[in-house]
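Subject: Structure handover

Hi,

Here is the structure I promised to pass on. Have a look at it first, and then read on for what turned up.

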Amino acid sequence: MFDEYGIPRGVNFDEDALVPLYHFVYCSRAAEGVDDAEVSRIVEAAQRNNLAHGITGVLVFGSGVFFQWIEGPAGQIQKLIAILHRDKRHYDIVSLSQSEEERERLYPNWDMEKVEAEDIRLVLRDALESADDQNNRVALTCILEHLDSGALDPLGRG
């Protein structure tokens, strides 16, 4: 039905019809008390709001860490970034990538989808290896050390 990026198989895109699309990729630590039920509420609210603003994306949550890719019109993504920075349900936000370019959406049919994270450490280590910004490197290292300490047990298990 869908390929690995959420694009329906067999869909042909008209490259001349591509519009500027902004994307923002980040990771962060969940605040105390944020559990799978709260993440489900976050996803439900995002699905309603994102549809109205032309935003699509994916949210990965595991071991108390969020990893998210959002894409859409630059103005709407910038507003959402500001909201994300004020949201008390997470902290240590690390921007992994953001830019605007003319391309098709990676998640054209996903207003927001939660994807289970079997091993969030691998994603964070890859991000750390490619991080250029020193503040991002410090925050990613802190998140990984916290995970490795066992202080963040996988939520929803046991």
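Aspartate 92 sits in strand 4 (residues 90-102). Its phi is near 55°, which is positive although the residue is not a glycine.

Some ground rules before the rest. This is a predicted model, in which local features need pLDDT of at least 70 and side-chain atom pairs count only at pLDDT 80 or more, while totals for chains, interfaces and linings use all residues. Residues are numbered from 1 along each chain as its sequence is written, and side-chain values use heavy atoms, with hydrogens and water left out. Helices (H or I, at least four residues) and strands (E, at least two) are DSSP runs, numbered from the N terminus.

**Confidence**

pLDDT is the predictor's confidence in each residue, from 0 to 100. The chain averages 77, and 75% of the residues score at least 70. Confidence is highest in helix 2, at 96, and lowest in strand 5 (residues 113-116), at a mean of 66. Over residues 1-11 the pLDDT stays under 50, and the model has 20 contacts for them beyond four places in sequence (contact means heavy atoms within 4.5 Å). Residues 151-158 are also below 50 in pLDDT, with 15 contacts beyond near neighbours in sequence. Where pLDDT is low, the predicted coordinates should not be read in detail.

Strand 3 (residues 65-72) is largely enclosed by the rest of the structure, because 8 of its 8 residues are buried. Both of its faces are covered: Val65, Phe67, Trp69 and Glu71 are buried on one side, and Phe66, Gln68, Ile70 and Gly72 on the other.

Two strands pair if DSSP finds at least two bridges between them. Strand 1 (residues 20-30) runs antiparallel to strand 3, joined by 8 bridges; in one of these pairings, tyrosine 26 has glutamine 68 as its bridge partner. Strand 2 (residues 56-62) is also antiparallel to strand 3, over 7 bridges. Here valine 60 is partnered with phenylalanine 67, and glycine 62 with valine 65. The hairpin of strand 2 and strand 3 has 2 residues between the strands, and serine 63 takes a positive phi near 50° there.

Strand 2 is mostly covered too, with 7 of its 7 residues buried. Thr56, Val58, Val60 and Gly62 point one way from it, while Gly57, Leu59 and Phe61 point the other way.

Leucine 21 is found in strand 1 and is buried, with a relative accessible area of 3%. Beyond four places in sequence, the contacts of leucine 21 include Glu71, Ser99 and Arg103.

Serine 28, also in strand 1, is buried at a relative accessible area of 0%. Its side chain makes a polar contact of 2.7 Å with that of histidine 90. For that term, a pair of N or O atoms lies within 3.5 Å; within protein, one must be able to donate a hydrogen and the other to accept it, and residues adjacent in sequence count only if both atoms are side-chain atoms.

**Cores and helix 1**

A nonpolar core is a set of buried Ala, Val, Leu, Ile, Met, Phe, Trp, Tyr and Cys residues joined through side-chain atoms within 4.5 Å. The largest has 20 residues, and Phe24, Val39, Phe66, Ile70 and Ile77 have the most contacts inside it. Strand 1, helix 1 (36-53), strand 2, strand 3 and helix 2 (74-86) each give two or more residues to this core. Apart from it lies another core, of 15 residues, among them Cys27, Val94, Leu140 and Ile143.

The buried residues of helix 1 are Glu38, Val39, Ile42, Val43, Ala46 and Asn50. Just after helix 1, glycine 54 takes a positive phi of about 70°.

Happy browsing!

Technical notes: Buried means under 20% relative accessible area, exposed over 50%, partly exposed in between (1.4 Å probe, protein chains only).
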